[in-house]
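Welcome! Here is a short briefing for anyone meeting this structure for the first time. Take a look at the sequence and the model, then read on.

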Amino acid sequence: MVEIPDSLCSLFSAPVEEQNGTYVVEVPSSEVDHEALSAGETYRVAILESPASTESSMQQGTQQSPSQETVSHTPSGPPVEEGEVRTVTIETVGDQGDGIAKVERGYVVIVSGAQPGDEPTIEIEQVQKNVAFASIVDSDPRAL
């Protein structure tokens, strides 16, 4: 599995924009609202290249169909729970070869055996503050 350090505070997608000769990455207000970040503090930032389709796949991946059960979570905690079953979109592959999906608030779910573009149904097995680990319970029907 991909190793994500406990020091990871936040993960989100945002465009790089030019403003008056400098470049800015806008931090969503939800990151401060959910206490992932604090205004006025300094953070290390990693920039990962993202295909143009990532933005639309993230939006599609976070929308729930009427048949999906809505689970209530506290705003400051992880947006998933152990044992939860949901369908996600795999956006990329981590260093160890595991699939990486993002759900609400940019929260990372690592899915063993998944590849970019897959839309598997997964079961959350382990939840940490900044990342969850899941296994596939039903493969993407389009891949069959």
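**A first look**

Asn20 is an exposed residue, with a relative accessible area of 82%. Its place is the loop between strand S1 (16–19) and strand S2 (22–25). Please keep in mind that this is a predicted model. The protein has two helices and eight strands, and the points below go through it topic by topic.

**Overall layout**

- Starting at the N terminus, the elements follow the order β-β-α-α-β-β-β-β-β-β.
- The protein has 144 residues, and buried residues make up 28% of them.
- Among contacts with a separation of 6 or more, 47% are between residues 24 or more positions apart.

- Most residues other than glycine have a negative phi.
- Asn20 has a phi near 55 degrees, which is a positive value in a residue other than glycine.
- Arg105 also has a positive value, with phi near 60 degrees.
- Arg105 sits in the loop between strand S5 (99–102) and S6.

**The nonpolar cores**

- In soluble globular proteins, nonpolar side chains tend to be buried together.
- The largest nonpolar core of this model has 13 residues, of which Val109, Val111, Ile122 and Ile124 touch the most other members.
- At least two residues of this core come from each of strand S6 (108–111), strand S7 (121–127) and strand S8 (131–138).
- Another core, of five residues, lies apart from it and includes Ile100, Ile110, Val131 and Phe133.
- Which residues does Val109 touch, not counting residues up to four places away in sequence? They are Gly99, Ile100, Ala101, Val103, Ile122, Ile124, Ala132 and Ala134.

**The second largest pocket**

- The volume of the second largest pocket is about 380 Å³.
- This pocket is lined by 21 residues, and those nearest its centre are Cys9, Ala36, Arg105, Lys129 and Asn130.
- What kinds of residues make up the lining of the second largest pocket? Eight are nonpolar, seven are polar and six are charged.

**Around Thr121**

- Thr121 belongs to strand S7.
- Is Thr121 buried or exposed? Thr121 is buried, because its relative accessible area is 19% and buried means under 20%.
- The side chains of Thr121 and Thr87 are joined by a polar contact of 3.1 Å.
- Neighbours within four places in sequence aside, Thr121 is in contact with Val85, Arg86, Thr87, Ser135, Ile136, Val137 and Asp138.

**Glu81 and Glu84**

- Glu84 is in the loop between helix H2 (54–62) and strand S3 (85–87).
- The loop between H2 and S3 also holds Glu81.
- Glu84 is buried, with a relative accessible area of 10%, whereas Glu81 counts as partly exposed at 39% relative accessibility.
- Glu81 and Gln128 are 47 residues apart along the chain, and 9.7 Å separates their C-alpha atoms.

- Asp98 lies in the loop between strand S4 (90–93) and S5.
- Asp98 counts as buried, because its relative accessibility is 7% and buried means under 20%.
- The C-alpha atoms of Asp98 and Gly113 are separated by 5.7 Å, while the two residues are 15 residues apart along the chain.

- Val25 is part of strand S2.
- With a relative accessible area of 35%, Val25 is partly exposed.
- Val25 and Pro15 are 6.2 Å apart in space, C-alpha to C-alpha, and ten residues apart in sequence.
- Setting aside neighbours within four places in sequence, Val25 is in contact with Phe12, Ala14, Pro15 and Val16.

Terms used: Residues are numbered from 1 along each chain as its sequence is written. This is a predicted model: local features need pLDDT of at least 70, side-chain atom pairs count only at pLDDT 80 or more; totals for chains, interfaces and linings use all residues. Side-chain values use heavy atoms; hydrogens and water are left out. On a 1 Å grid over the protein atoms alone, a cavity is a set of points where a 1.4 Å probe fits but cannot get out, and a pocket is an open set with protein on both sides within 12 Å along at least five of seven lines; lining residues have an atom within 4 Å of a point. Grid points are joined across faces, edges and corners, and a volume is the space filled by probe spheres set on the points. Ala, Val, Leu, Ile, Met, Phe, Trp, Tyr, Cys and Pro count as nonpolar, Asp, Glu, Lys and Arg as charged, and the others, Gly among them, as polar. A nonpolar core is a set of buried Ala, Val, Leu, Ile, Met, Phe, Trp, Tyr and Cys residues joined through side-chain atoms within 4.5 Å. Buried means under 20% relative accessible area, exposed over 50%, partly exposed in between (1.4 Å probe, protein chains only). Helices (H or I, at least four residues) and strands (E, at least two) are DSSP runs, numbered from the N terminus. Contact means heavy atoms within 4.5 Å. A polar contact is a pair of N or O atoms within 3.5 Å; within protein, one must be able to donate a hydrogen and the other to accept it, and residues adjacent in sequence count only if both atoms are side-chain atoms.
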